[in-house]
Amino acid sequence: MSWITVLWSMNSAVCLTLAAFYFVVWCRERENWVHLLLSSSAIAAAAIAVFELAMMHADTVEQYQALVLWIHVPVWALIVSFVIFVRLYLHAGRLWLAWSICSLRTLVLILNFIFTSSINYRQITGLRQFSWGGDIISVPIGVANPWGLLSSMSLLLLLIFFVDATITVWRRGDRRRALVVGGSMILGAILAWHVPLVIWGIIDIPFFLCFAYSGIVVAMGYELSNDIARAAQLARRLKVSQAALRKSEQDMDIAANAVDLALWTWDIPSDEIRISHKARAVLGFSPSEKLDAERIRNVIHPEDRDMVRKAVKNSLQTGAENPVEYRVVLPDGEIRWLVRRSRTEFDRNGKPVLMHGILFDITERRLAEERLRLVVDATATAMIMVNKEGRITLINKRVETLFGYKRDELIDQPVEMLVPERFRSQHLGDRHGYFCDPQARPMGAGRELFGRRKDGSEVPIEIGLSPIHTSKGLLVLASIIDISERKLAELEAARQRHELAHLARVTSLGELSSSLAHELTHPLTAILSNAQAAQRFLADDDVDLNEIREILNDIVAEDQRAGEVIHRLRSLLKKGEPQKHCDDVDMNEVARDVLKLMRNDLINQNVTVDTDLAQNLPAIRADRVQLQQVVLNLLLNACEAMTASDASERQLLITSKLENGAVRMSVTDRGGGIPEEKLEQVFERFFTTKKEGMGLGLSICRSIIDQHEGKIWATKNADCGATFHFSLPTNHVRNEAVITE
Amino acid sequence: MLPHPSPTVFVIDDDAAVRKAVSRLLRSAGLAVAVFASPREFLAQYDPDMPGCLVLDLAMPDINGLQLQTTLGKKGCTLPIIFLTGHGDVSKSVQAMKHGAFDFFSKPVKEKDLLPAVRAAIERDAVARREQAKRSEICARLDTLTPREREVLEHVVAGKLNKQIASDLGITEATVKMHRARVMTKMKVQGVADLVRLAEVCGIRGIVTSTPQLCHLCSV
């Protein structure tokens with residue numbers, strides 16, 4: 001046996017072995033078509049080797065011609081396999097080139113069988129036999145078929161296709177594969193060019209196409225074996241990692257159990273639910289029971305089923321992972337709260353295949369929340385929690401009764417809906433300010449606060465604010481107290497105080513009554529006398545009209561004077577409404593008014609009054625009548641204190657001045673004075689030194705000055721007598737909107 | 001000084017409007033009026049020879065009406081005082097009347113009350129002044145008597161006989177007659193009855209005391 005026969009036979013055998021091996025591989029893994037392609041390429045290469053060996057040993061022209069004709073079948077199969085292999089395995093090569101090669105090759109095969117001899121030779125005229133490689137081999141002699149150019153063109157296209165594919169793979173970075181597979185393919189395609197050269201008679205050697213192609217097949221086999229080896233390696237690693245995964249899943253299960261967390265998986269196509277032992281125990285399932293969606297649904301509280309179903313549906317459609325809190329009813333009837341979190345896995349077509357997630361028992365938390373809610377609801381204080389956007393996140397029952405809204409109408413609404421419209425814009429600003437500097441404090445210090453009820457009515461309230469830092473950001477808890485009743489009580493107290501003050505005023509004026517009457521008699525006397533004088537003048541024949549005019553003018557003036565006296569009196573005697581007479585008051589004017597009222601009384605008591613009033617005193621926002629009452633009381637007291645004094649000693653001094661931003665007025669007498677220890681006591685109710693006094697005068701003075709946020713006190717003079725002082729703040733702003741009708 | 005000696009109404013009131021109105025009313029009745037804002041002002045211009053009356057406000061600062069009344073009384077002023085007052089000063093009005101006030105009116109005072117009162121007061125003042133003048137003349141006559149003649153006068157006025165007088169004084173009846181005739185001449189009277197009347201005017205009511213008594217009313 002010559003070595004040529006050995007070489008070609010071995011080539012064929014190797015190829016067949018490869019083919020068999022990869023066919024078996026393909027049979028096991030049918031989706032991997034590359035293995036089948038390699039198998040078919042190897043068979044074709046083996047067939048080519050057999051054909052070539054037969055051709056070399058052909059004895060007759062007919063024999064040779066038949067071999068040349070039929071060798072095209074394995075060649076076609078080989079080239080088509082290569083092209084598909086390149087496309088499938090290397091993911092390279094231009095598609096149009098692939099199609100061109102395959103169709104050209106098919107055309108060549110068809111034409112091959114149409115022509116009488118073959119596509120290579122129009123006619124084989126004879127066989128030349130010579131010794132080569134230790135054997136006698138036959139080489140054809142004949143006329144080349146010009147259609148054979150098509151075959152050559154397919155070889156050229158194949159070469160281009162390989163080169164292009166190799167470059168693509170190289171550039172992709174897979175250089176080893178480019179070198180091994182691409183390189184062998186390019187080399188094979190180049191070597192295949194000896195066929196046309198032999199046919200055209202340019203060179204004179206036997207065909208060795210099988211070596212060109214089997215080299216490619218071996219390279220392909222080598223690459224695929226690499227892949228298989230790698231796959232095996234991966235499989236091993238996978239095994240290891242799966243073991244680790246199982247371990248970690250067990251760990252997870254243990255950890256999950258420890259924190260009342262249950263893991264679950266729902267295989268959607270098979271509707272099979274796997275769930276940890278702990279969860280089975282919690283939900284009342286036996287360890288071996290097979291679970292599906294229906295079984296799980298049945299343990300959910302009937303009221304929550306619909307909600308859970310919607311959430312699951314939503315997750316299946318959108319993959320949303322929103323947590324859902326719901327109740328389950330255990331076999332013994334116990335109700336537990338669970339929170340469910342899930343993730344949905346989808347296949348390539350977007351069909352949900354798997355859902356897995358956790359279940360967490362939040363019964364304790366829910367109970368705690370419920371208890372907290374009950375406690376919060378039970379408190380007499382209305383409580384509202386507001387988030388940074390100013391929306392209400394929590395209210396208690398008291399809020400519902402206080403504002404007349406239902407819980408649902410308030411939650412997630414802007415808190416401004418509870419603020420009267422006229423305060424809303426200010427409240428917005430205040431709220432933002434509070435979030436910039438959150439600290440527990442009362443709201444709107446010094447201001448009257450009102451809440452707006454659903455029916456639009458307003459309710460006076462007091463609000464305490466506390467910042468609460470939570471995982472959801474800063475929240476503010478507002479504790480609201482309805483102070484309507486306290487307001488009513490305050491109003492009632494104010495009314496009583498007012499009544500008392502009025503009573504005291506009337507009493508004081510009673511003491512002055514004779515001199516006040518006198519004050520009126522002056523203008524009345526003047527009027528009557530003037531009028532009667534006029535009557536007399538008019539009775540004369542010779543009437544002096546100028547005189548009459550003057551008299552009438554005087555009458556008018558005196559009438560006005562009487563009117564003023566009456567007005568002063570009436571304003572002091574009038575009861576009026578409490579806290580409704582706030583205007584800008586000049587303290588000096590108040591003192592002068594009171595002195596006018598007391599004029600006759602002072603004269604009758606031989607009291608002389610000196611005044612030292614500061615110029616340009618700022619006005620005070622106050623109740624004029626009440627301040628007149630204070631001054632009147634102090635002056636009456638001073639006169640009273642001096643009744644025992646010698647007439648020449650009966651001197652009063654009234655001073656006013658601006659002191660530390662307050663207007664201070666002092667009344668100094670030269671009476672008996674007040675003992676040091678009683679300087680404070682004199683302002684107490686029912687304290688009196690007079691025989692007929694009620695002991696209310698000074699206590700009322702103090703309550704009036706207190707209402708005006710001022711101070712009143714008494715001092716002992718260095719020589720004799722006492723001085724009473726009171727001071728009133730000039731920047732004093734009384735809230736006039738206290739009373740809401 | 002007041003311009004003429006016709007009777008004048010002196011109005012004293014610290015209230016300018018009242019002062020003016022009252023004076024106007026008095027003027028409308030044809031009376032001469034002088035106004036003063038305070039007792040002090042009046043005292044500064046006071047002339048005891050001016051006839052008329054006072055219309056005085058009771059309550060005034062510094063010196064009030066009652067104090068002025070007292071002061072004038074001390075000065076022997078006989079001007080009648082009509083007080084005007086506000087309501088209710090009962091104790092003060094009583095005090096004023098006790099001290100010889102001519103009349104007392106509450107303000108506002110009516111014309112029909114005030115004008116007659118003022119006229120009556122002026123009249124009384126005139127009478128008083130006339131009597132005063134007469135008294136002054138008699139007193140002047142009395143002053144011309146010797147002490148003995150005065151003693152005799154007192155005994156005569158007491159209705160004693162010459163014999164009794166002679167025995168009381170320790171002189172002869174003839175001497176008594178001589179003194180008696182001289183007294184009659186000096187006192188410019190015709191009979192004992194006239195002498196008694198004059199003596200009464202001068203406040204001499206018969207012999208009670210032998211001390212010569214001057215007419216205190218004249219000693220202004």
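## Aromatic pairs

Rings of Phe, Tyr and Trp (its six-membered ring) count as a pair if their centres lie within 6.5 Å; planes under 30 degrees apart are called stacked, over 60 edge-to-face, and the rest tilted. Ring pairs of this kind link F82(A), F161(A), F162(A) and Y213(A) into a cluster. This is a predicted model, in which local features need pLDDT of at least 70 and side-chain atom pairs count only at pLDDT 80 or more, while totals for chains, interfaces and linings use all residues. Residues are numbered from 1 along each chain as its sequence is written, chains are lettered from A and ligands numbered from 1 in the order in which they are written, and side-chain values use heavy atoms, with hydrogens and water left out.

Over all chains there are 17 aromatic pairs. One of them is edge-to-face, because the rings of W8(A) and F211(A) have planes at 90°, with centres 4.7 Å apart. W8(A) belongs to helix 1 (residues 3–28) of chain A and F211(A) to helix 8 of chain A, so this pair ties together parts that are 203 residues apart in sequence. Helices (H or I, at least four residues) and strands (E, at least two) are DSSP runs, numbered from the N terminus. Buried means under 20% relative accessible area, exposed means over 50%, and partly exposed lies in between (1.4 Å probe, protein chains only). W8(A) is buried at 4%, whereas F211(A) is partly exposed at 30%. The rings of W26(A) and W33(A) form a tilted pair, with centres 5.6 Å apart and planes at 45°.

## Charges over rings

A charge sits over a ring if NZ of Lys or CZ of Arg is within 6 Å of the ring centre and within 35 degrees of the ring normal. The charged end of R422(A) is placed in this way over the ring of F450(A), 5.7 Å from its centre. The charged end of K711(A) sits over the ring of W713(A), at 5.5 Å from the ring centre.

## Strands and hairpins

Two strands pair if DSSP finds at least two bridges between them. Strand 11 (residues 449–452) and strand 12 (residues 458–470) of chain A run antiparallel and are joined by 4 bridges. L449(A) has I461(A) as its bridge partner in strand 12 of chain A. The two strands form a hairpin with 5 residues between them, and G456(A) in the turn has a positive phi of about 90°.

Which strands are joined to strand 18 of chain A? Strand 17 (residues 651–659) of chain A is antiparallel to strand 18, with 7 bridges, and strand 20 (residues 722–729) of chain A is also antiparallel to strand 18, with 7 bridges. The hairpin of strands 17 and 18 of chain A has 2 residues between the strands, and N660(A) takes a positive phi near 50°. S656(A) is bridged to M665(A) in strand 18 of chain A, while V667(A) stands opposite F724(A) in strand 20 of chain A.

Strand 18 (residues 662–668) of chain A is largely enclosed by the rest of the structure, because 7 of its 7 residues are buried. In a regular strand, side chains alternate between the two faces of the sheet. Here A662(A), R664(A), S666(A) and T668(A) point one way, V663(A), M665(A) and V667(A) point the other way, and all are buried.
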